[in-house]
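Subject: Structure handover

Hello,

Here is the structure we talked about. Please open it first, then read my notes below.

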Amino acid sequence: MHINRKEFVSTEEELRSLIGYPSGLVNHKVISHIDQHCRDFIAKSPFIFMSTSDASGKCDVSPRGDSAGFVHVIDETYLVIPDRPGNKRMDTICNVISNPEIGLIFIIPGLGETLRINGQAYITKDKELLQSMAVNEKIPLLGIVVAVEECFIHCAKAFRRSSLWEPSSWLNPSELPSASNILSDHAKLDGMTPEVISDRLKEGYQKRLY
């Protein structure tokens, strides 16, 4: 199999000739504020995907997860996502500093529909604001403030096609990819064997979640 560049779709006109146009419901489902439905969805979501890009447009998607309701809704316009300890690459944070455009997908386990929110993001170090997001008495050093511009529900077709919430479709643990093997092969650092990396990962998961 090979990629035939002649078959690339390069204009919206060509795209619409193939796919058509959205229905009236789809066209009118977007709101520009966090209403009670969105607030309730966010309060029940323990996991989000966060999409950002740098000043040149290079994209990145990062997962964020915590106890349900870890994303704090301030009012109809603003929400705040605490930035928990990670690997210090700071891809999302650096992107937001150079380009505030952000897209979020909120997920609730067992529910096929997701909540999508788009807007402008800012990085805050406001201790008074972040104090309310402390876990185990550890206050996050930074938070990602999102000024909401679009909120809308996304249908469950992707989850139904993937059978994501159906345990019968899941791989056996022995068949899952090994993060430590992958990191060892990709990093190619002396002494960083899969066993060493596995121990480091386990220690981080046990001691440095917050």
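A residue counts as buried when its relative accessible area is under 20%, as exposed when that area is over 50%, and as partly exposed in between. By that rule Arg 64 and Asp 83 are both buried. Please keep in mind that this is a predicted model.

**The buried pair**

Arg 64 and Asp 83 join their side chains in a salt bridge, at 3.3 Å from N to O. Arg 64 belongs to strand S2 and Asp 83 to strand S4, so this pair ties together parts that are 19 residues apart in sequence. Side chains of opposite charge can pair when their charged atoms come close.

**Other salt bridges**

The count for the structure is 6 salt bridges. One of them links Arg 16 to Glu 12, with the closest N and O atoms 3.5 Å apart. Both residues sit in helix H1, 4 residues apart, or about one turn of the helix. Arg 16 is partly exposed, because its relative accessibility is 25%. Glu 12 has 55%, so Glu 12 counts as exposed.

Another one joins Arg 89 and Asp 91, and here the closest N and O atoms are 2.8 Å apart. Arg 89 is exposed at 57% relative accessibility. Asp 91 is partly exposed at 29%.

**The sheet**

How are the strands ordered? The structure has an open sheet of 7 strands, in the order S2-S1-S5-S6-S7-S4-S3, and the pairing is antiparallel. Strands S2 (59-65) and S3 (72-73) stand at the edges. Each has a single partner strand, so one side of each lacks a neighbour in the sheet. Strands of a sheet pair through backbone hydrogen bonds, either parallel or antiparallel.

Some of the pairings in detail:

- S1 (residues 47-53) and S2 run antiparallel and are joined by 7 bridges. Met 50 stands opposite Ser 62 in S2.
- S6 (residues 114-124) pairs with S7 over 11 bridges, in the antiparallel sense. Thr 124 faces Gly 143 of S7 as its opposite residue.
- S4 (residues 78-83) and S7 (residues 142-154) are antiparallel, with 6 bridges between them. Ile 81 is opposite Ile 144 in S7.

**Aromatic pairs**

How many aromatic pairs does the whole structure hold? The search finds 2. In one, the ring centres of Phe 47 and Phe 49 are 5.2 Å apart and the planes stand at 80 degrees, so this pair is edge-to-face. Phe 47 is partly exposed at 31% relative accessibility. Phe 49 is partly exposed too, at 34%.

The rings of Phe 159 and Trp 165 make a stacked pair, because their planes are at 20 degrees, with centres 5.5 Å apart. Is Phe 159 buried or exposed? Phe 159 is buried, with a relative accessible area of 15%. Trp 165 is partly exposed, with 32%.

Val 9 lies in the segment before helix H1 (12-19). Val 9 counts as partly exposed, because its relative accessibility is 42%.

Best wishes

Definitions and conventions: Residues are numbered from 1 along each chain as its sequence is written. This is a predicted model: local features need pLDDT of at least 70, side-chain atom pairs count only at pLDDT 80 or more; totals for chains, interfaces and linings use all residues. Side-chain values use heavy atoms; hydrogens and water are left out. Rings of Phe, Tyr and Trp (its six-membered ring) pair if their centres lie within 6.5 Å; planes under 30 degrees apart count as stacked, over 60 as edge-to-face and the rest as tilted. Buried means under 20% relative accessible area, exposed over 50%, partly exposed in between (1.4 Å probe, protein chains only). Helices (H or I, at least four residues) and strands (E, at least two) are DSSP runs, numbered from the N terminus. Two strands pair if DSSP finds at least two bridges between them. A salt bridge is a side-chain nitrogen of Lys or Arg within 4 Å of a carboxyl oxygen of Asp or Glu.
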